[in-house]
Amino acid sequence: MAALVAENFRFLSLFFKSKDVMIFNGLVALGTVGSEELFSVVAFNCPCSPARNYIYGLAAIGVPALALFLIGVIWNNHTWNLVAECHKRGTKNFSAAATFLLFGSIMGRAAVAPVTWSVISLLRGEAYICALSEFVRPSSLDKFPAEYGADMLARFPCKDVPANLTKFRDDVTRRLRYESQLFGWLLIGIVAVLVFLTKCLKHCCSPLSYRQEAYWAQYRSNEDKLFRRTAEVHSRILAANNVKHFFGFVALDKEEKELVQEFPVEDVQPSPQWNAITGVYIYRENKGFPLYSRLHKWAKGVEGNGPSPEGHEMLFLAS
């Protein structure tokens, strides 16, 4: 138990540090596997009661998957960029393809954890067996006693059955586990095919070469790191100036004093500038020169977000 808890804490640490898409998705999947195992050990407890088994079994698979999906949507930066874009500028500058790719990016990233949860639940089989044991037809079981019905079948997952039904319980459990694992492997295969086709489609439709797309991803990652780091320093210096203005002095440590002396901050950026660099960004070119982000476009003084006659359009899907 302690090992599972420690593994999940290590996962969370890497989760927030990771910037690479494949590593990010891999960590999400691994964390979901660990969480599902922990849930199965400490939380899953089939009621073994008719009508309740089905609801509980489906809830054990579906409710955590839904929660993980919503968390994935909330934690995706594209979600809030889309909200800001719709609030400030609407979606008039988006083509149908760009809108589809944007939603596909958000949904695809958010689906990693719930799909992993569902696959692991199906491969384990406990929830599926709990949900469907009462629906096994007694006539499909060779020489099943006629005096027993769905009530007794619903108790099979808890192994709380008379000795003369042990053989039938094992047969039902084996049959349902086979079905559950089959659905799990099919889900893995379907997801693998979809991921492969999506990657092929993305690269085939991209107007950029492989090297330029890799450079674009590096630029966006570096811009985000530097922007966050600079914003943290800027806000600290601005806060120090305001505190000093209020009290007449400010208590700074040695590092903060050096920052205040090295980077003088007089004022904040006006709201129009924040609005200009916030929102969904569709890849643009201005007179043949690429614009890799909203910040890049603002720095070059390019107005608007609509496609230019000589420009290209492609949604940025990497994080």
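Arginine 169 counts as buried, since its relative accessibility is 14% and the cut-off for buried is under 20%. This is a predicted model, so read what follows as a description of that model. The protein chain has 319 residues, and 33% of them are buried.

**Around arginine 169**
- Arginine 169 sits in helix H9, which covers residues 166-205.
- Leaving aside residues up to four places away in sequence, arginine 169 touches Phe156, Lys159 and Val161.
- Arginine 169 also pairs up with aspartate 170: their side chains meet in a salt bridge, at 3.1 Å from N to O.
- Aspartate 170 is partly exposed, with a relative accessible area of 32%, whereas arginine 169 is buried.

**Salt bridges along the helices**
- Lysine 167 bridges to aspartate 171, with 3.4 Å between the closest N and O atoms.
- Lysine 167 is exposed, as its relative accessible area is 52% and exposed means over 50%.
- Aspartate 171, at 24% relative accessibility, counts as partly exposed.
- Over in helix H10 (residues 210-247), arginine 228 and aspartate 224 are 4 residues apart, again about one turn of the helix.
- Arginine 228 and aspartate 224 form a salt bridge, their closest N and O atoms being 3.0 Å apart.
- Arginine 228 is partly exposed at 47% relative accessibility, and aspartate 224 is partly exposed too, with a relative accessible area of 29%.
- Back with lysine 167, shared partners link Lys167, Asp171 and Arg174 into one network of salt bridges.

**A negative patch on the surface**
- Asp253, Glu255, Glu258 and Glu262 gather on the surface as a patch of negative charge.
- One of them, glutamate 258, lies in helix H11, which runs over residues 254-262.
- Glutamate 258 counts as partly exposed because its relative accessibility is 45%.

**The chain as a whole**
- The protein chain exposes about 19,500 Å², and carbon and sulfur atoms supply 64% of that area.
- Take the contacts in the protein chain between residues at least 6 apart in sequence: 71% of them join residues at least 24 apart.

Notes: Residues numbered from 1 in each chain as written. Predicted model: local features only at pLDDT ≥ 70, side-chain atom pairs only at ≥ 80, totals over all residues. Heavy atoms only, no water. Patch = residues over 30% accessible without salt bridge, like charges linked within 9 Å, V, L, I, M, F, W, Y side chains within 5 Å. Areas by Shrake-Rupley, 256 points an atom, 1.4 Å probe, with all protein chains shown as cover. Salt bridge = Lys/Arg side-chain N within 4 Å of Asp/Glu carboxyl O. Lys, Arg positive; Asp, Glu negative; His and termini not counted. Charge placed at Lys NZ, Arg CZ, Asp CG, Glu CD. Helix = DSSP H or I, 4+ residues; strand = E, 2+ residues; numbered from the N terminus. Buried < 20%, exposed > 50% of the residue type's maximum accessible area, 1.4 Å probe, protein only. Contact = heavy atoms within 4.5 Å.
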